[in-house]
Amino acid sequence: MRKILTRLAFAACIGGSVLLAPAAIAEQQQPLAPPMAYKPVPIKLPQPVSDPTFEAFRQQLTGIAAKKDRAALAGIVARTFFWIPDDHDVADKNKSPIDNLAKAIGLDGRDPPGWDTLAGYASETTADPINDPQRAGVICGPGEPAFEDTAFEALVKATNTDPSEWGYPVRDGVEVRSGPERTTPVTEKLGLHLVRAYPDDSPTGAVHGDVIRIVTPSGKLGYIPVDALLPLATDQLCYVKEANAWKIAGVLGGGTPGQ
């Protein structure tokens, strides 16, 4: 399972730096490779959940998050709730499902950030079936883009980059500008392909947290809105339909167990 971070944390992270999780930033010792041209790797955008009842469930989840209603949230967490931050389930079977969910996404303590995280999940329309035959019917969102892994591996090798430097545009035709200001000229538009993020550590870049600098396939630097580029993989909230009612089935990723 590829995991980087929640989209909320991702947006905050890349606003002033490269498209990396905090741990990846700490671990990265080598300087970033210089911008260079690269062969675009096509992607297919994640697809919305086709079940119309999922929309109503997301609205319910949005309301619960807005009210920070833990009791209501407990009522829509599956009894078989799982939490897989890496490669195995760490949910404490001696605790209630809601307590495990709270630990996984950060709902405990004073002014917990987990409610915003939950609202972010509720806003996502996309989800994919989980790759686990023991959890039939479970879907996890947000969905991930589809692309050829071998082509991505070749791209990373050819550009001497880290996989976490790459993301994908939210739609076809995202405009790339020559500078961080909205008044700067549009130089080109992105297609549906992987895009490399490139940090702008200049004073000008520091005051423009609403954009992110990227490298286009031609090797040129440009700027796009920070919310127009998404990570290849994020933490995911999982769902399952039980007796015609959606429940929160588990979390892939999430907080740090034992803390």
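Select D210 to begin: at 34% relative accessibility, D210 counts as partly exposed (buried is under 20% relative accessible area, exposed over 50%, partly exposed in between, with a 1.4 Å probe and protein chains only). This is a predicted model, in which local features need pLDDT of at least 70 and side-chain atom pairs count only at pLDDT 80 or more, while totals for chains, interfaces and linings use all residues. Residues are numbered from 1 along each chain as its sequence is written, and side-chain values use heavy atoms, with hydrogens and water left out.

The side chains of R182 and D210 meet in a salt bridge, 3.8 Å from N to O (a salt bridge is a side-chain nitrogen of Lys or Arg within 4 Å of a carboxyl oxygen of Asp or Glu). R182 lies in the loop between β5 (174-177) and β6 (186-190) and D210 in the loop between α8 (203-206) and β8 (211-215), so the pair ties together parts that are 28 residues apart in sequence. Helices (H or I, at least four residues) and strands (E, at least two) are DSSP runs, numbered from the N terminus. R182 counts as exposed, at 61% relative accessibility.

Next, show the open sheet of five strands, whose order is β1-β12-β11-β3-β2 with mixed pairing. Two strands pair if DSSP finds at least two bridges between them. At the edges are β1 (77-84) and β2 (128-129), each pairing on one side only. Then pick β11 (residues 236-242) and β12 (residues 245-252): these strands run antiparallel and are joined by seven bridges. Within this pair, Y239 stands opposite I248 in β12.

Turn to the helices on the sheet. Helix α3 (residues 53-67) packs there, touching β3 (139-141), β11 and β12, and its direction makes about 70° with that of β12. Helix α5 (residues 97-105) also packs on the sheet, touching β1, β11 and β12, with its direction at about 35° to that of β1. Contact means heavy atoms within 4.5 Å; axes are lines fitted to C-alpha atoms, for helices over the stretch in contact, and angles run from 0 to 180 degrees between N-to-C directions.

Select C140 and C238. They form a disulfide, with their sulfur atoms 2.1 Å apart (a disulfide is a pair of cysteine sulfur atoms within 2.5 Å). C140 lies in strand β3 and C238 in strand β11, so the link ties together parts that are 98 residues apart in sequence. The link of C140 and C238 is right-handed, with 100° about the S-S bond. C140 is buried at 2% relative accessibility, and C238 is buried at 0%.

P142 is found in the loop between β3 and α7 (149-159).

Two asparagines come next. N160, in the loop between α7 and β4 (166-169), has a positive phi of about 55° although it is not a glycine. N244, in the loop between β11 and β12, has a phi near 65°. N160 is exposed at 61% relative accessible area, and N244 is exposed at 71%.

R58 is buried at 11% relative accessible area, whereas E55 is partly exposed at 36%. Then select D99 and R70, which meet at 2.8 Å, N to O. D99 lies in helix α5 and R70 in helix α4 (residues 70-74). Last, show D89, K93, D132 and R135, which are linked in a network of salt bridges.
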